[in-house]
Amino acid sequence: MADANRTTQHIALEEPLLFEKSRPGRIGYSLPPTGVPELPLKDLVPAHLYRERVEGLPELSETDVVRHFNRLAQWNYCIDRGIYPLGSCTMKYNPRLNEDIARWTAFTEAHPYLPDELVQGCLAVQWHLERYLCEITGMDAATLQPAAGAHGELTGLLLIRAYLEERGEKRTRILVPDSAHGTNPASAALGGFEVVHLRSDERGLLSPSTLRAAMSRDVAALMITNPNTLGLFEEDILEIADILHEAGAFLYMDGANMNALVGIARPGDMGVDVLHLNLHKTFSTPHGSGGPGSGPVCVKAPLAPYLPVPRVFRDGDRYYRVWESPRSIGRVKAFQGHFGVHVRALAYILSLGRDHLRDIAIHAVLNANYLLARLKPYYHLPYDRRVMHEVVFNDRRQNPSGVTTMDIAKRLIDYGLHPPTVYFPLIVPGALMIEPTETESIEELDRFAEAMIQIAREAAEQPEVVRSAPHRSAFGRFDEVEAARHPVLRWSPHGFPPPRKEPPKESG
Ligand SMILES: *Cc1c(COP(=O)(O)O)cnc(C)c1O
């Protein structure tokens with residue numbers, strides 16, 4: 001049985017700031033004599049930049065610094081510690097094999113300006129990855145240049161814009177359902193389009209009638225996230241594609257959630273004209289805390305002439321790059337994108353092979369439906385349907401005792417678990433968006449489910465314990481409003497660090 005008092009206290013460390021650990025005169029390096037005449041610094045630095053003393057920098061030994069950062073690293077929750085059920089983020093375990101291969105010096109030391117003859121292997125990686133991604137998605141051509149999912153969206157929209165402009169068509173609108181990922185409307189606006197929001201129906205899906213009513217000669221494309229952010233498969237996708245194509249508009253699919261479909265169904269077969277993938281979600285690049293990621297864009301043949309340059313082609317067994325192309329939208333990223341991420345993705349695809357790629361989707365969907373079944377007796381499920389890779393509950397049943405989604409998320413920390421995505425998607429008030437991913441075992445799913453069930457019980461029986469969580473972390477609940485209104489962003493010898501609050505007392 002889950003028990004907050006028996007979990008490892010791996011997020012309950014205490015670590016002072018480096019500034020607090022500083023001791024005057026302590027130093028972390030020693031240098032041998034230079035062997036050349038030494039000049040006073042004063043003579044080398046312009047007078048207005050010279051300072052006798054730098055106020056307030058911490059003074060520490062090497063041991064102090066190494067231990068400080070190691071302790072902070074252990075303080076962090078990470079995928080190598082346990083389940084990381086952040087909905088929409090696909091925080092899955094990535095095999096170490098792919099990390100090893102990405103670190104081969106043949107890859108890491110190749111400069112992108114080396115002539116084609118000297119980087120045949122690197123070009124082969126990109127050419128093959130493009131072919132595999134096209135095969136997996138059912139599309140005709142691809143670019144690996146975009147740096148992330150949202151960047152792929154923008155690229156895809158610029159391709160559509162270039163296509164329309166060449167034909168003199170003035171289509172200014174992009175339709176975006178309310179169950180789309182939040183980056184979709186932002187990318188459409190950045191791409192110079194007007195965003196028109198569509199409401200999903202009582203099933204949580206985009207219905208063909210809603211789309212039909214929104215169609216006009218102004219519509220350039222629909223951007224649909226499939227599976228959508230409710231974790232639901234857009235069941236009317238074929239009819240949706242027909243409606244768009246009959247009106248001369250494009251179907252853009254946000255394919256960041258491809259781990260729900262890979263090896264089972266191909267967007268290209270559903271009428272999708274352009275989509276992006278998130279290699280850092282589906283295809284084995286660890287992510288979170290920044291990049292690099294990669295958001296390849298796959299297109300059907302009519303959009304291929306507009307793809308960014310340089311592109312990689314093959315002639316017999318020779319690979320070569322084409323740096324200029326008259327109809328290309330140009331570059332969207334330096335060189336050929338985040339090459340190390342491409343290496344990982346190809347290694348991952350090849351190590352799984354045709355037979356096991358589909359296991360990704362099978363397990364992603366099975367795991368999400370397992371959590372749905374285990375948690376449904378305890379949490380409200382606004383859209384009660386078979387889900388794909390994630391499931392969205394909310395806090396409606398806990399609200400009468402004053403417990404909210406934020407409280408539930410904070411209480412999970414006491415159980416040694418990372419909370420799910422909260423308050424997204426926006427169409428579910430108080431959303432708890434759980435994506436277990438395909439790499440979790442049934443024991444880990446049970447560990448998560450039992451903690452959630454225990455919290456549901458606590459919410460009914462001792463709501464104050466949940467409402468004041470977390471109790472076992474180094475710090476209690478932060479004042480998020482204060483932090484947003486009055487952020488303290490720089491250290492000064494006089495004003496920072498601010499006085500520490502006592503950590504809240506353990507209860508229960
Ligand atoms: C993560 C995600 C994105 C954005 O991807 P980034 O790489 O963070 O830019 C877009 N759409 C969906 C559905 C996603 O899950």
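Analyst: **A helix and its surroundings**

Thr-405, Asp-407, Ile-408, Ala-409, Lys-410, Arg-411, Leu-412 and Asp-414 are the buried residues of α13. Buried means under 20% relative accessible area, exposed over 50%, and partly exposed in between (1.4 Å probe, protein chains only). The model is predicted, so local features need pLDDT of at least 70 and side-chain atom pairs pLDDT 80 or more, while totals for chains, interfaces and linings use all residues. Residues count from 1 along each chain as its sequence is written, and side-chain values use heavy atoms, without hydrogens or water.

Helix α13 spans residues 405-414. Eight of its 10 residues are buried, which makes the helix mostly covered. Helices (H or I, at least four residues) and strands (E, at least two) are DSSP runs, numbered from the N terminus.

What do the buried residues of α13 pack against? Their partners are two strands, β11 (421-422) and β12 (431-434). Three helices join them: α14 (442-461), α15 (463-467) and α16 (480-485). Contact here means heavy atoms within 4.5 Å. Gly-416 follows α13, and its phi is positive, near 75 degrees.

The chain is divided into domain 1 (18-75), domain 2 (97-352) and domain 3 (356-483); the bounds come from an automatic or database domain assignment. The centres of domain 1 and domain 3, taken over C-alpha atoms, are 45 Å apart.

Next, the cores. A nonpolar core joins buried Ala, Val, Leu, Ile, Met, Phe, Trp, Tyr and Cys residues through side-chain atoms within 4.5 Å. The largest has 60 residues. Leu-133, Leu-175, Leu-222, Leu-251 and Phe-283 touch the most other members. Elements giving two or more residues include α4 (96-102), α6 (120-137), β3 (194-198) and α12. The largest share comes from α12, with 12 residues. This core lies between domain 2 and domain 3, because both give residues to it.

Leaving out residues up to four places away in sequence, Leu-133 touches Leu-144, Leu-277, Leu-279, Phe-283, Pro-296, Cys-298 and Ile-349.

The rings come next. The structure holds 11 aromatic pairs. One of them, Trp-104 with Phe-107, is stacked, at 5.9 Å centre to centre and 5 degrees between the planes. Rings of Phe, Tyr and Trp (its six-membered ring) pair if their centres lie within 6.5 Å; planes under 30 degrees apart are stacked, over 60 edge-to-face, and the rest tilted. Trp-104 is partly exposed, because its relative accessibility is 48%. Phe-107, at 15%, is buried.

Phe-283 and Tyr-348 pair edge-to-face, 6.5 Å centre to centre, with 80 degrees between the planes. They link distant parts of the chain, 65 residues apart. Phe-283 sits in the loop between α11 (279-282) and β7 (297-299), and Tyr-348 in helix α12 (residues 339-375). Phe-283 has 0% relative accessible area, so it is buried. Tyr-348 is buried too, at 7%. Elsewhere, ring pairs link Trp-104, Phe-107 and Phe-339 into a cluster.

Last, a loop residue. Asp-218 lies between α9 and β4. Its relative accessible area is 32%, so Asp-218 is partly exposed. Beyond residues up to four places away in sequence, Asp-218 touches Lys-170, Arg-171, Thr-172 and Arg-173. The C-alpha atoms of Asp-218 and Val-422 are separated by 35 Å.
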